[in-house]
Amino acid sequence: MIVRIMGEGQVRLDDSHLTELNKLDDELLAEMESGDEAGFRRTLTTLLDQVRRLGAPLPDDALEPSDLILPSPDATLEEVRVMLTDEGLIPG
């Protein structure tokens with residue numbers, strides 16, 4: 001799976017990591033629904049850090065279609081809300 005972090009680039013991520021990332025996605029969604037800005041910021045940072053840690057960066061000149069697009073680390077709660085689907089940021 002190819003994941004793009006807005007403003008940073010792409011990483012190749014094995015599908016086996018989706019369960020772990022979905023747990024963070026669920027936490028992020030709950031924090032957004034409750035308006036917990038501090039929790040949202042903490043969980044978004046953790047989610048993006050995990051994607052970076054678990055994934056392999058693609059070269060800057062690679063033009064792979066992204067399977068998943070995640071917000072930038074400085075995205076606001078409202079900007080992330082716009083990106084959400086029924087399944088959160090990460091399907092599954």
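Among contacts in the protein chain (heavy atoms within 4.5 Å) between residues at least 6 apart in sequence, 67% join residues at least 24 apart. The model is predicted, so local features need pLDDT of at least 70 and side-chain atom pairs count only at pLDDT 80 or more, while totals for chains, interfaces and linings use all residues. Residues are numbered from 1 along each chain as its sequence is written, and side-chain values use heavy atoms, with hydrogens and water left out.

The protein chain has 3 helices and 4 strands. Helices (H or I, at least four residues) and strands (E, at least two) are DSSP runs, numbered from the N terminus. Along the sequence they follow the pattern β-β-α-α-β-β-α.

The 4 strands form an open sheet with mixed pairing, in the order β3-β2-β1-β4. Two strands count as paired if DSSP finds at least two bridges between them. In general, strands of a sheet pair through backbone hydrogen bonds, either parallel or antiparallel. The edge strands here are β3 (56-57) and β4, each of which pairs on one side only. β1 and β4 run parallel and are joined by 3 bridges. Ile5 stands opposite Leu70 in β4. The helix α2 packs on this sheet, where α2 touches β1, β2 (9-12), β3 and β4. The direction of α2 makes about 135° with that of β1; axes are lines fitted to C-alpha atoms, for helices over the stretch in contact, and angles run from 0 to 180 degrees between N-to-C directions.

Next comes the interior. Of the 92 residues of the protein chain, 39% count as buried, meaning under 20% relative accessible area, with exposed over 50% and partly exposed in between (1.4 Å probe, protein chains only). In soluble globular proteins, nonpolar side chains tend to be buried together. A nonpolar core is a set of buried Ala, Val, Leu, Ile, Met, Phe, Trp, Tyr and Cys residues joined through side-chain atoms within 4.5 Å. The largest such core has 22 residues, of which Leu28, Leu70 and Ile90 touch the most other members. Two or more residues come from each of β1 (2-5), α1 (18-34), α2 (37-54), β4 (68-70) and α3 (77-83). The largest share, 6 residues, comes from α2. Leaving aside neighbours within four places in sequence, Leu70 is in contact with several residues, including Val3, Ile5, Leu48, Val51, Met83 and Ile90.

Finally, the overall dimensions. Along its principal axes the C-alpha trace of the protein chain spans about 40 × 25 × 20 Å.
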